[in-house]
Every structure is written in structure tokens, then in C-alpha cells.
Amino acid sequence: MMRISLMLGPFDLPYVQRALVEIALLSAGASVLGTWVVLRGLSFYAHATATATFPGLVLAAGLGFSPLLGAAATAGALALGVAALGDRRDAGRDTATALVLVAALAAGVVLASDVFHSQGSIESLLFGSLLTIDLADQAAAAAVGALALILGAVLGARWLAVGFDPAAARALGVRSPLFDAALLALVAAMAVVTVQAVGALLAGALLVVPAATTRLLVDRVGRWQLATAALALAEGAVGLWLAVELNAPPGATIAVLSAAVFAAVAIARTVADARPGRLENAPAGTAAP
Amino acid sequence: MSRTLIAAHGLAAGYAPDAPVLTGVDFEVRAGERVAVLGPNGGGKTTLLRTLSGDLRPLAGTLRVEGRIAVVPQTERSRLDFPVSALDVALMGSLSTLPWWRRPGRSVRRRAREALAAVGLSDHADRTFGDLSGGQRQRVLVARALVQDAPVLLLDEPYVGLDAPSAAQLDGLLARLASDGRALLIATHDVEQARGWERVLCLNRRQIAFGSPGEALTAQVLKATYGAELVEVAGGGLLVPPHHHHDHD
């Protein structure tokens, strides 16, 4: 008993408890939305919208307004730009997204160093400050998470059908640009609230990596979403505990842990697929002859 | 006489208004007809199907389509690594009939299971789509079209990659769909197979011929349709060489 309570010691601290609640909220919201991000090939877009929050956050800190508002403004601008490019599937869309991502990082650094002289805050804006989460951050994560779950339940079948067969989407009556625009807007909003916890550069640790990991193991959408929420919660809680124990930055610790789990699962999956007679159960792209 | 489901007059189709891929398309398709859409790679088969499905706008001429259209794409194109079962794919056909805020309910799921039974796949409803064989995937996509309850089906090279038993099974299924009163446009490279269907539409950047196979499939038409791809064989016959698959997207 003594040993267990010592191990769980960090979770007695109020600021660690607040961080844990934030992790739980984001696991149910951001990580479940992450399944749609991975399925629809929006991982880079999700990373870019999160990074685009950086200059907004620097502006908000410098001018003294809400960081959520600043982050939403610059991430929203990027989302609108990507939506305006429409469903161009060529390299043009990715190139434009990459350019904006670089410009956003550069603008944030210049604003912080030369305009507001707030270089000290750059690290926490880029890599998160999970241990200083407050009630407003939690409320925002809960609100966007609830919206994501509701929209996913209502529009999920359409997001799935368009991703599965874009050419037939119009004939199926699911080509309305509003369905995809809702998904893009939702990912941007989720990136904004995720950034509060793990920073502009590490939002993918919650938004993309858990869903990409469980995708290697699960081959139905519903189960995938449940497994992703559970994995994100476990990785977040363990990462948070490790960070406090090792006095390491929590956002980065969670990101490293998630990436390590992804690598381990990917290797295990590859080994399992290579063994003869195991192809039957493989979920990903291993068609029977 | 059965009703006309598709009427195209002076139709031009393509991706850019100043560079049509296909011009001078004039044909009518009635309920119960299987129409073979023949032509070489790049001849405009896929462009025509995409225009009929509403994915591309006609560049010129008129196009009238009665009722819903269902698309049965090449299976290679549909995502094999998608986390969906055969039943999930069949259910996608219901989205065209449901308002946007509605999810497929119990009666729709029953209809999707019936459609899978109609294509001979009741036992495979819960299998992952990507794990099915090529012929089974093709039939799942036909089941999706059945759930869509569309009188017109567009099939893009449905026989590519199928072994003989799977092709025969698909043949029987398409014959049944036509006799139920549906119109089927089937892009294919198999001229011999097309001779067994009700109509042929020959395309090579323009419409070469349209009519019953007996009238339309003359040596001149085949030469104009396939040009250099055509091989003359001993005894005076003409042969279209086996198809090399190209993705037109």
C-alpha cells in the first residue's frame, strides 16, 4: 500500500490533478477526433493549424487578451485558407500549408523577440504548459470535445463515405462542401484547445499519434475511437506522472511516450504480418488473394 | 416501350472548357438495357461516366438523367485499408436517401443486409472490405448501389482483375439487375462480352457508334474506336489486346 501511494504521490498535487482532468477531456475529444484526422489524411493540416496558433498566442500575451482568442484567430485564418483551396488533392495544398506553417513560426518568433520582448514565454507556447492549466482551458477543451463527439456522431457516416470513395461522393449525395468544412473547422478548433496543454508544436501528440497507433490494431471505426480515447488517456496519465517524477516538461514527455508506443506497435504489427498464416487478421491493406 | 433513363445530345465532356476530352456524344438508354462503353485508354470512358454521375459538368450539349445514379468504381480506387466492413460499405448507399442529420437506422441496416444477400454475400457482411477478393469487393459496391435504390448504375471496368468464376458471377448479377428494370452503363475492354448486351457505345475522344452490338460493332467502327491498339488475327478477325489498367484520376 505504502509503495502504491508513494508512486501515485504526484497525483495528490492540485495542479497535477488539473492537468490530469485536461488530459482526460482531450483524450475524449481531441484523440477521438484524431481518428477522423488520420482517416481523412488531415494529419499535416492538424499539425499546421496547431502551429499557426503560435503568433496568435504571442500577440495575446503581448497585448493582454485571451490566449484562446489569439490562437483561434491565427489558426482560423489558416483553416479558411486551406478550405478555400478546396479539394485539390495535388501537392499544391500541402505546399501552401507548409509555407503558412513556416511563416507562422517565424512571425511568432519575431513578434516575441523584437516586438513584445517576451522570448521567455516562447518555450511554453511551443511545447505547452500542462501544469498551469486553469478552469477556462478545461471548459474550452470540454466544449470543443463535446462538439466533436456530437458532430462525429451526426456527420461521421458522411465523412467516412467521402473518404472511402471521393469519386462516388456526389452520386451518394454526400459531396456537400459543408460536411468537409465542418471537419476542417472542428480540427482547427480542437488544435486551439489542445495547444493550451501541449503547445503549438506538440498538439499532434494528442491529436494524431494515439489514433495512428490504434489504427494499426483495430479495423472498425467505433472500436478504433474507443481504443484511441483509452490509449490517449493512458499515455497522457503515464506521461504526466513521468514528467513530475523526472522533473521533465509534461507536453514533451507525453509526446515522446506516444511516439515510442507508436513505434513499438508499428514494429510488432510488421513482425506479426510477416509471419505466415497471420494475414487473415491484418486490418490494413492486406487483401486476400 | 420502356422509359428512357438517360438522354445525352451533343454532349461534350472533359476537365477544362477549352479542352474537351470527349465530344459529339448522342445516345439514349432505356430501363432494362446493359450498355457496354467501349474505347481505348484515354478514349473518354471514365470522363463520360464521371459526367453522368455529376462529378464533372457537361461542357456542351444536353444531358438528362431520370432518377438517382449509382457509381460502382474500380475497386483498386476504393480504399482497401479503410476500417469498414462490407455492411458498412453497403450502408453508405443509404446516405443519398437520408437527410443530413440522420444516421442509418434499423430498417436501413436491414435493407443493406438484403442488398448483400442479393449479391450473394450475406455471409460476408461483417468481413473487412479490404480483406475480400476483387470479385467480392465489386459485388459489395453493387450492393451499395442497390441500397441507393438507383435506376441507373455506372460501372467502371468492373471485370478488371476478376478470375473467370468471379466474372461469370458478376455477369449473372448484371443480367438480373437489368431484367429488374435498371439501366447499366458498363465501361469495358471486352468486345466479345459486349456482344451479349443490349447496346454498345464506342468512344475514341468522340462518339464513334451507338446501337445494338449487331449493328454497331462493324470492322470500321472497331478500327475507328481502337485504332492502332487493334490487332488483326489470322482468318480476318479483329482482336482488342488485353487491357492495361490506368487510373484516370
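Residues are numbered from 1 along each chain as its sequence is written, and chains are lettered from A in the order in which they are written, as ligands are numbered from 1. Because the model is predicted, local features need pLDDT of at least 70 and side-chain atom pairs count only at pLDDT 80 or more, while totals for chains, interfaces and linings use all residues.

Trainee: Which helix supplies the largest share of the side of chain A that touches chain B?

Mentor: In total, 24 residues of chain A are in contact with 28 residues of chain B (contact: C-beta atoms, placed from the backbone, within 7 Å). On chain A, α7 (135-164), α8 (169-172) and α12 (221-246) each supply at least two residues of that side; helices (H or I, at least four residues) and strands (E, at least two) are DSSP runs, numbered from the N terminus. The largest share, 6 residues, comes from α7(A).

Trainee: How many nonpolar residues does the side of chain A that touches chain B have?

Mentor: Ala, Val, Leu, Ile, Met, Phe, Trp, Tyr, Cys and Pro count as nonpolar, Asp, Glu, Lys and Arg as charged, and the others, Gly among them, as polar. By these classes, the side of chain A has 5 charged and 2 polar residues, and its nonpolar residues number 17.

Trainee: Which element contributes most to the side of domain 1 of chain B that touches domain 2 of chain B?

Mentor: Chain B is assigned domain 1 (1-67 + 151-249) and domain 2 (80-149), with bounds that come from an automatic or database domain assignment. The centres of these domains, taken over C-alpha atoms, are 26 Å apart, and 8 residues of domain 1 are in contact with 9 residues of domain 2. The largest share of the domain 1 side, 4 residues, comes from helix α5 (residues 164-179) of chain B, that is, α5(B).

Trainee: In what order do the strands of the open sheet of 6 strands in chain B stand?

Mentor: Two strands pair if DSSP finds at least two bridges between them. Strand β3 (residues 34-38) of chain B runs parallel to β8(B), with 4 bridges, and is joined to β7 (residues 183-187) of chain B by 4 bridges, also parallel. β8(B) and β9 (residues 207-211) of chain B pair in the antiparallel sense, while β5 (69-72) and β9 of chain B are the edge strands. The pairing is mixed, and the order is β5-β6-β7-β3-β8-β9.

Trainee: Which residue of β7(B) stands opposite Val37(B)?

Mentor: Val37(B) stands opposite Leu201(B) in β8(B). Towards β7(B), the bridge partner of Val35(B) is Leu185(B), and the residue opposite Val37(B) is Ala187(B).

Trainee: How many residues of β3(B) are buried?

Mentor: A residue is buried if 20 or more other C-beta atoms lie within 10 Å of its own, exposed if 12 or fewer, and partly exposed in between, with C-beta atoms placed from the backbone. In a regular strand the side chains alternate between the two faces of the sheet. Arg34(B), Ala36(B) and Leu38(B) point one way and Val35(B) and Val37(B) the other, and all are buried. The number buried in β3(B) is therefore 5 of 5.

Trainee: Where do the buried residues of α8(B) lie around the axis?

Mentor: In helix α8 (residues 219-226) of chain B, the buried residues are Leu222(B), Thr225(B) and Tyr226(B). They cover an arc of only 75°, which puts them on the same side of α8(B); the arc is that of the directions from the helix axis to the C-beta atoms. Their place is thus the same side of α8(B).

Terms used:
Contact = placed C-beta atoms within 7 Å.
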